[in-house]
Amino acid sequence: MSRTVILRILTGLAAVAAAFAVPFYLDGFWLQAGLFAMSAAVGAIGLNLLTGATGQLSLGHAFFLAVGAYAYVYFGSEPEGELGGLGLPTPAAAVLAVLAAGVAGGLLSPIGGRLKGQYLGIATLALIFFGQHVLFNATPVTGGYNGRAVPPLELFGFAFADSPGLVVLRVPFGALERLWFLGLAVLAGAALFARGVLRGRPGRAMNTIRDHEIAAGVMGVPVARYRAGVFLLSSMYAGLAGVLLALAFQRTVPEYFGMLLSLDYLAMIVIGGLGSVAGAVAGAVFVSLLPQLLTRYSDALPLVSDPGTGGLSPAEAARLLYGVAVVAVVLFLPGGLAGLASRTRAAGRRWFSPGSARRRFSPSSPETTSPESTSPETT
Amino acid sequence: MRNLRSTVAAAAILALAVTSCASEKATGGAAPSAAGGDGVTTGPGVTADTITVGVMTDMTGPYASFGKTLTQAQQLYFEQLNAAGGVCGRKVELVVRDHGYDPQKAVTAYTEIAPKSAAIAHFIGSPMVMALKSRIETDKLLTIPMAWSTNLLGARAVQVTGTTYDIDMINGVDFLVKEKGLAAGDKIGHLYFEGDYGESALNGSVYAAKKLGLTVVEQKIKPTDQDMSAQVAAFKAAGVKAVLVSVGPRQAASLVGVALAKGMDVPFLGSNSAYSPQLLATPAAPALLKDFYVATGGAPISAPLPAMRKLVSEYQAKYPGEALDSGVSAGYPAAAIVGEALKKACEAKDLTREGILTAHRARGAWDGGYGTTMDFSLIDRPATRATYIVKPDKEAVGGAVIYKEAAVSGLAEEYPVPVG
């Protein structure tokens with residue numbers, strides 16, 4: 001067994017151990033931000049399958065997130081007053097919500113199959129406006145502008161909620177701590193599945209469609225069917241992210257599922273690195289955590305004054321820094337964060353094993369962002 | 001291979017050891033409430049020498065200017081409070097978090113500051129407050145939302161100040177009928193935002209219109225719409241005798257400006273969020289100065305009240321050259337509501353959240369000298385039903401003067417407020 005493999009396994013284990021230790025040490029802010037990041041990561045993996053791997057631009061991702069979130073609430077809530085609900089067991093509601101997002105994607109997949117690239121982007125743009133209109137006006141299902149309370153998930157009698165109380169290793173386990181582990185499991189599952197798709201036959205077909213549609217067709221790839229299929233798959237990922245998001249929010253907020261959310265998702269996959277699972281996860285963490293961290297800790301930065309005392313406020317400084325970070329990533333890291341990771345790894349390998357210096361000129365350059373360059377420890 | 005196995009085992013043991021060793025969170029789940037040395041029972045956000053009060057504001061989103069003046073006015077209040085000795089010998093410290101009108105950021109920021117705050121002195125944005133309402137209620141964290149829709153009522157921990165939008169509209173329609181010559185059978189237009197603000201206001205206008213024999217011509221728009229030409233045309237075609245305006249300042253300016261240009265000479269009555277003094281520097285100013293009124297539960301900052309005069313001079317001394325808008329006249333009293341609830345709770349020697357809430361809700365008639373008497377014991381009804389009619393004025397501080405003193409119409413008195 002080579003040293004690099006052992007190293008990888010060790011890093012992987014350390015990452016898992018760290019992820020498990022988080023709820024025992026960090027406070028609610030980190031857990032809440034982390035949960036949003038995990039849900040964003042699931043959604044971004046889905047969008048990356050569609051946009052990064054297949055080259056289909058989608059601006060409608062927020063719509064499918066909304067379908068997932070609201071479908072979970074509708075299926076899982078008991079009817080109450082003028083609000084409808086099916087009162088199903090919550091795990092069933094979660095599965096049905098993902099399927100509902102899939103159905104919504106399936107209804108649109110004929111469009112997804114025929115249009116390519118930016119044309120699909122324009123078509124899906126309409127979805128957001130349609131979705132917002134429905135969220136605000138289909139009050140019996142969506143709760144209108146009030147939104148609806150999200151029923152906590154209950155898995156085999158274990159509720160992901162604050163009550164009944166639970167203390168693990170003397171640490172009180174509330175909804176956030178419990179959801180953290182659920183989020184980890186869902187994210188790991190979503191990442192593994194996407195990695196399987198990308199590494200297998202479908203992944204190669206998708207990449208070929210992205211790089212050269214005609215060549216793909218000539219080689220026998222059913223282009224339209226693949227495009228439709230990946231559109232459906234990506235909408236199911238968005239639905240899953242929506243369910244996780246609803247659980248983290250504990251209430252659905254119609255305003256949230258707008259244009260900006262879709263743009264955030266595009267930013268995630270571009271910053272993280274197009275076409276890879278690790279890239280999507282890194283980008284999601286970057287985009288959802290950085291502004292929060294900057295806002296929280298910006299009072300420690302130089303040139304920043306207390307809010308309300310004039311001058312540059314922490315919130316404004318956070319916005320500026322976030323903008324600079326995004327521009328820097330786009331300018332200096334062509335492969336996104338995933339590209340940066342594989343480059344550092346390659347550099348590290350050259351540094352640590354002197355005998356492998358000649359491998360630098362091997363035909364498989366380590367800088368490609370092919371699915372192979374993604375590693376399990378970052379997922 | 002054996003080497004690897006032992007490494008894995010070592011890593012697993014290490015992980016377990018790390019997990020079980022001392023964590024700050026490891027309280028064993030005990031309640032953190034305890035009695036301090038001075039016999040005062042304290043809860044989250046209260047230590048031996050400080051009381052932390054949170055602020056959830058918007059400094060980078062659509063309400064950035066409002067958020068800034070609100071925060072500054074509240075900082076002024078708590079500085080004065082600390083200079084006068086604080087509460088229970090403790091200094092009050094503000095923790096300000098900006099959510100930029102993004103529910104996700106608001107939820108994260110709330111999760112961060114709620115465990116270490118004793119109250120929230122202002123919380124901008126009803127979508128954000130709604131997203132957190134049930135958690136605020138569970139946390140028993142006294143919160144003053146800076147939004148006035150009826151869906152915010154009904155929670156013991158959430159104190160909507162003044163009137164709600166529907167009450168303002170009922171009093172406003174009553175004003176139009178009594179003083180602007182509207183009569184049964186007339187049509188009134190109502191331009192409103194999709195969402196809780198507009199729809200709360202619409203509830204009020206529809207109720208009042210039904211009682212007074214008027215018909216409401218509805219025009220619903222989205223906050224992203226800017227040009228109101230189509231809506232003016234629709235109102236004109238319907239022959240409305242007055243227009244109610246429950247949108248943002250920008251849309252209100254477009255509406256009155258276009259209406260004036262098209263020769264539609266009717267009175268306009270806005271909700272308190274439809275007007276901002278900055279509009280008087282735009283081309284819409286003549287139209288606004290002509291026949292535009294604002295129905296609001298809070299007195300404008302130009303009100304001839306000693307407390308308001310004092311606030312204006314102190315605010316101008318601390319923040320020279322800065323605009324005095326409704327953020328000041330709304331923020332300072334809101335801070336005072338929280339500050340006085342803390343003082344009351346201190347007198348009862350109970351600075352737990354429950355103690356603060358009890359102290360706050362025990363006050364049946366509070367006005368603090370700011371012109372609006374509020375009953376905080378009402379949980380599922382607005383704290384007051386009296387509405388000022390205010391008119392834009394170029395010369396006045398804050399760009400508006402009182403046109404008609406606060407009054408409760410008979411209609412508003414008997415109006416059943418929808419809750420939740």
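Residues are numbered from 1 along each chain as its sequence is written, and chains are lettered from A in the order in which they are written. In this predicted model local features need pLDDT of at least 70, side-chain atom pairs count only at pLDDT 80 or more, totals for chains, interfaces and linings use all residues, and side-chain values use heavy atoms, leaving out hydrogens and water.

Next I checked burial in chain A: 51% of its 379 residues are buried (under 20% relative accessible area; exposed is over 50%, partly exposed in between; 1.4 Å probe, protein chains only).

I then searched the whole structure for disulfides (cysteine sulfur atoms within 2.5 Å) and found one over all chains. B:Cys88 is joined to B:Cys346, S to S 1.9 Å. B:Cys88 sits in the loop between helix H2 (64–83) and strand S4 (91–98) of chain B, and B:Cys346 in helix H11 (residues 326–347), 258 residues apart. Helices (H or I, at least four residues) and strands (E, at least two) are DSSP runs numbered from the N terminus. The link is right-handed, with 105° about the S-S bond. Both cysteines are buried.

Last, I looked at B:Met128, in helix H4 (residues 126–139) of chain B. B:Met128 counts as buried because its relative accessibility is 1%. Beyond neighbours within four places in sequence, its contacts (heavy atoms within 4.5 Å) include B:His99, B:Tyr101 and B:Phe123.
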